[in-house]
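Colleague: I would like a close look at one part of this model. Please take me through how its pieces meet, in short steps.

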Number of protein chains: 2
Amino acid sequence: MPSYTAPTKDLQFVLHDVLKVSTHDTPGYNELEADFTAAVLDEAGKIASEVLAPLNVVGDTEGCVLENGVVRTPKGFKDAFEQMKEGGWTALDLPEQYGGQNMPYVLGTAVGEMFSAANQAFTMYQGLTHGAASAILAHGTEDQKATYLPYMFSCQWTGTMNLTEPHCGTDLGLMRTKAEPQGDGSYAVTGQKIFISAGEHDMAENIIHLVLAKIPGGPEGIKGVSLFIVPKFLVNDDGSLGERNGVSCGKIEEKMGIHGNSTCVMNYDGAKGWLLGEEHKGMRAMFTMMNEARIGVGMQGLAQAEVAYQNALEYARDRLQGRAVTGDENPDGPADPLIVHPDIRRNLLDQKSFVEGARAFLLWGAKMIDQSHRGGDEAAEGLVSLLTPVIKGFLTDEGFDMTIQAQQVYGGHGYIEEWGMSQFARDARIAMIYEGANGVQALDLVGRKLAQDGGKHVMAFFDIVKNFIKDNADNEALKDDFLEPLKAASKDLQAAGMFFMQNGMKNPNAALAGSYDFMHLFGHVCLGLMWAEMAKAAQEALDAGTTDPDFYQTKLATGRYYMARRLPATAMHLKRIESGADPVMSLEAAHF
Amino acid sequence: MPSYTAPTKDLQFVLHDVLKVSTHDTPGYNELEADFTAAVLDEAGKIASEVLAPLNVVGDTEGCVLENGVVRTPKGFKDAFEQMKEGGWTALDLPEQYGGQNMPYVLGTAVGEMFSAANQAFTMYQGLTHGAASAILAHGTEDQKATYLPYMFSCQWTGTMNLTEPHCGTDLGLMRTKAEPQGDGSYAVTGQKIFISAGEHDMAENIIHLVLAKIPGGPEGIKGVSLFIVPKFLVNDDGSLGERNGVSCGKIEEKMGIHGNSTCVMNYDGAKGWLLGEEHKGMRAMFTMMNEARIGVGMQGLAQAEVAYQNALEYARDRLQGRAVTGDENPDGPADPLIVHPDIRRNLLDQKSFVEGARAFLLWGAKMIDQSHRGGDEAAEGLVSLLTPVIKGFLTDEGFDMTIQAQQVYGGHGYIEEWGMSQFARDARIAMIYEGANGVQALDLVGRKLAQDGGKHVMAFFDIVKNFIKDNADNEALKDDFLEPLKAASKDLQAAGMFFMQNGMKNPNAALAGSYDFMHLFGHVCLGLMWAEMAKAAQEALDAGTTDPDFYQTKLATGRYYMARRLPATAMHLKRIESGADPVMSLEAAHF
């Protein structure tokens, strides 16, 4: 049975040594003293490893069951969900007005990584509620907020997002679900939505569905889509629950993973709904959820990689197999542990250097969201908006790959469900798909974000890299191992951007054919930058005479690995990008 | 429900246009006229798509069930297995003396790809029998051959390989299963073996287990391992079945995939066994099976990628979603098909260019095995021995990646089991692990094969590449798009080999730390060479005025894609290799 240990020390390192959150001028950050965040992370870590992690395999094995319209979650989920509610873990970073704890998003994200790593399927129930609540918070009337948010913040009621229909996923303009005005301010919502995570279950008194639908007579396509609040049970004026609404779960999907989360076909049969935000502006309102959700999904990629790595590492230390080529390292035993073998180390270091780099990247992104939401920092908002598809696409692609590598360390045992490594891979797989498949993220990055506001956000990113390199030019610890590779990688990224500018105007396909590679190229440069920053922080701690030199030396060694062995991918991505549209577009569809 | 279409035309292209098998001087190849191979492939393709493919999902859903020591295979498997036997498909390339059809291995491999693509779990039952029979053929006494082979060739009896024990997989020297001489020429075999594919099932009258065990008093470690024939039912002198032997299935593993194949824990309790080959030379005998098995596993990687690609392509043509950025391509429909989008094409072309390149590589390898076995060609034997870990490791890693990409084309539907794409990925995953995990393949390649016979086989490989480039230097169709990239990639491979030579002597870890990258680097160069050869063949057909220009133009376009967009990976692998041992070895195990 796999286990999970909360990486509190590593999270603290990023929050304090690297991001230096407590001295940052973002409102609320002054509360983020190291002792405080350590206490929160320790407490959350305990729940993650002791309550959620043991239920992970249970959720996978039992799955959710639909019987007579009611979905039964796996054994133990309900109790664990009560513990999450009681501990106030469901609205850590949401406003106090409706019962939240008002902590910064960066801390909520650090906690979220732990919950996700311990049990992704379980954590989705509250994650989706958080997203739906955020949308109501941003676009709801005062009345709507007062009606729903207190219950949603506490997860007494949970939330969902309803976008996809059988014939349309990414292309929501094709949507058929309709919402007919009833003359009393409500709408009758009718249609079928699929892939609705947590669409129906037995852990909450009510479920608040946010549903995209078209109001008849509105504009064609995506411009005629509105967002509606459709509760499972209607809510009386006094907040008590009224009659059952016309929405039901028609089916639970059999999936590759995240069996503990109910993925539902939801049927709306004239269900009573209320407009959230403006008519025909549903996509805008939905995007409030989606941007947050995309960063949350990027987190899932990292989280599954982390827990898979922890278990692979333990196995590599315990399993005796073969001898080190340079001489026995366990002479008294029948064989040496796996970890003596160079290729096992290569595999583990790929994982470790990704996970730690990704964590820094994610928390940096979360910090920028705080800077934007709490501090009104438009530059931070622009940059994190640019980086959101990179966080989502790159971290989930790589995160999945790392779960596969972790599984590989176990040899045949990795393929047997009993050992739990298969579940990490199967669960991680979904993150590449939902909240916009990664190809769509790449399209968003290259087709929209890159040129946004005259390209000023990507220029700001390059400035950060350039300034870091300039400011640390004399730092001997960084120079050869970190700054040089970062400079080369960043040059590759610039060259790719230049290629798009020079060729994409004449032929958009010349840019779009390279969009996926660009997303990965960008991701590597971000992780390279994170490692350079982490190396700098580690070196500073060592220079200051830290009492824990092994920890910081390990950071430097792991960072050197990333720079030497992972970052060179940028040149390959550039080369692919520079091959342009022809290799991709020249074949007629009929000839594939 | 996914489907499978036999790629007969593509197989014929490789066999005849590229490898020109029927005019090759290998004994038996003169029979491989295009009409003949087409007839065999058509017939096999029919069985694959009509009989085996429809059972693929059934096998995944039902799995195998162990009840009272008896394993029940999924519904329909038994009937399909009878059809395989009746059609003579179980010993296509085995000698006539014992009932085989004596066809070249290259044709057996082409047929095998289809069966594997249609239903990997099912095809393993006969694949393992083929391997066990080959070992008896190579190392058995005349008596053993006469006793077992006629039944095994026909799959009336099936076979297994028993290597792994709970505490040892790769490191077989740790083995505990023992075989005690009984004084009558037989041995009493006692111990537990795990991960035994097809270890117990209901499709054959008898199961012939080949079991590695130690004879007490023999040499320590791997040098004291012998191979034994242990039948499930003892065989009487007249060939009839006698009493049940002391071997039983204790458990079936729950796995990530290949549910249709029973993966058994086998308990040997003083079971009667007979030595196969010499005492303490068990590994040598087992390697007869393993080399063949490794190529067969490489084939599985390609095969799953092929069937996944076929389905992804169909989906990309059918599913309407979004509009082409350069103008509607399906103006009368509500949206354009997915295949208009550059990133979907990038995804599909990654798959297509891999599958077709891998197929050529695999069949080239199979042809060299024929040259060796039928023609006594030592150079071919040496080269295919060098390339076996590349075929196994590279084709299964990439094959799996391609099933993941194919799944991605489906978006959310790819994650739902009903659509079948998840199964391709889950089934393909095992191929990276069994018959020697891919890290072990990389070790075999760099630690053993590369320097074998003074490095002459890798030199021979470079000569093939060099001569191809030289011989075609004036070919305008090849020059820029094929020869230049091939030359650059081959130079990267040589530089990597040079790095190993210069650094590996002083520090073996400097080579081993780069072994995995070297395996992939080598794989890409092989596929680059294959694409250059296929391009040449395609151009020749076009120049000769073929009646099917689209087919050959498509080969050229797909090859150009591989050279432009996939082959640049070689420079990245070289860079990683050249970072040497330090990044991988510097961290102490305790500090990971």
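**Contacts within and between the chains**

Modeller: Over all chains, the whole structure holds 61 salt bridges. Keep in mind that this is a predicted model. Side chains of opposite charge can pair when their charged atoms come close. Take one such pair in chain B. Asp10(B) and Lys555(B) meet in a salt bridge, with N and O 2.6 Å apart.

Now go to the place where the two chains meet. Here 90 residues of chain B are in contact with 91 residues of chain A. How much area is buried between chain B and chain A? The figure is about 7,500 Å², and carbon and sulfur atoms give 61% of that area. On the chain B side, Tyr415(B), Arg565(B) and Phe592(B) lose the most area to chain A. Together these three account for 13% of what the chain B side buries.

Four salt bridges are counted between chain B and chain A. Arg565(A) forms a salt bridge with Asp517(B), and the closest N and O atoms are 2.9 Å apart. Helix α17 (residues 549–566) of chain B gives the largest share of the chain B side, eight residues. By class, the chain B side has 44 nonpolar, 23 polar and 23 charged residues.

Now turn to chain A by itself. The domain assignment gives domain 1 (8–138), domain 2 (158–282) and domain 3 (449–583). Look at the first two on that list. The centres of domain 1 of chain A and domain 2 of chain A, taken over C-alpha atoms, are 25 Å apart. Their contact takes 24 residues from domain 1 of chain A and 23 residues from domain 2 of chain A.

The area buried between domain 1 of chain A and domain 2 of chain A is about 2,100 Å². Carbon and sulfur atoms give 70% of it. In domain 1 of chain A, the residues that lose the most area to domain 2 of chain A are Val71(A), Tyr125(A) and Leu128(A). They make up 26% of what that side buries.

What about salt bridges and polar contacts across this domain interface? The rule finds zero salt bridges between domain 1 of chain A and domain 2 of chain A. It does find eleven residue pairs in polar contact there, both at pLDDT 80 or more.

Which elements build the domain 1 side? Those that give two or more residues are α3 (54–62), β1 (65–67), β2 (70–72), α4 (77–86) and α6 (120–139) of chain A. The largest share, nine residues, comes from α6(A). The residues of this side divide into 14 nonpolar, six polar and four charged.

Finally, compare this with the record. In an unreviewed entry, UniProt lists residues 78–154 of chain A as "domain: Acyl-CoA dehydrogenase/oxidase N-terminal". That span is 71% helix and 0% strand, with its end C-alpha atoms 14 Å apart. The unreviewed entry also lists residues 281–444 of chain A as "domain: Acyl-CoA dehydrogenase/oxidase C-terminal". Over residues 281–444 of chain A the chain is 74% helix and 0% strand, and the end C-alpha atoms lie 19 Å apart.

Conventions: Residues numbered from 1 in each chain as written. Chains lettered and ligands numbered in written order. Heavy atoms only, no water. Domains from an automatic or database assignment. Contact = heavy atoms within 4.5 Å. Buried area = accessible area lost by both parts, 1.4 Å probe. Salt bridge = Lys/Arg side-chain N within 4 Å of Asp/Glu carboxyl O. Polar contact = N/O pair within 3.5 Å; in protein donor to acceptor, adjacent residues only side chain to side chain. Helix = DSSP H or I, 4+ residues; strand = E, 2+ residues; numbered from the N terminus. Nonpolar A, V, L, I, M, F, W, Y, C, P; charged D, E, K, R; others polar. UniProt positions renumbered as here; feature names shortened; annotations may be inferred.
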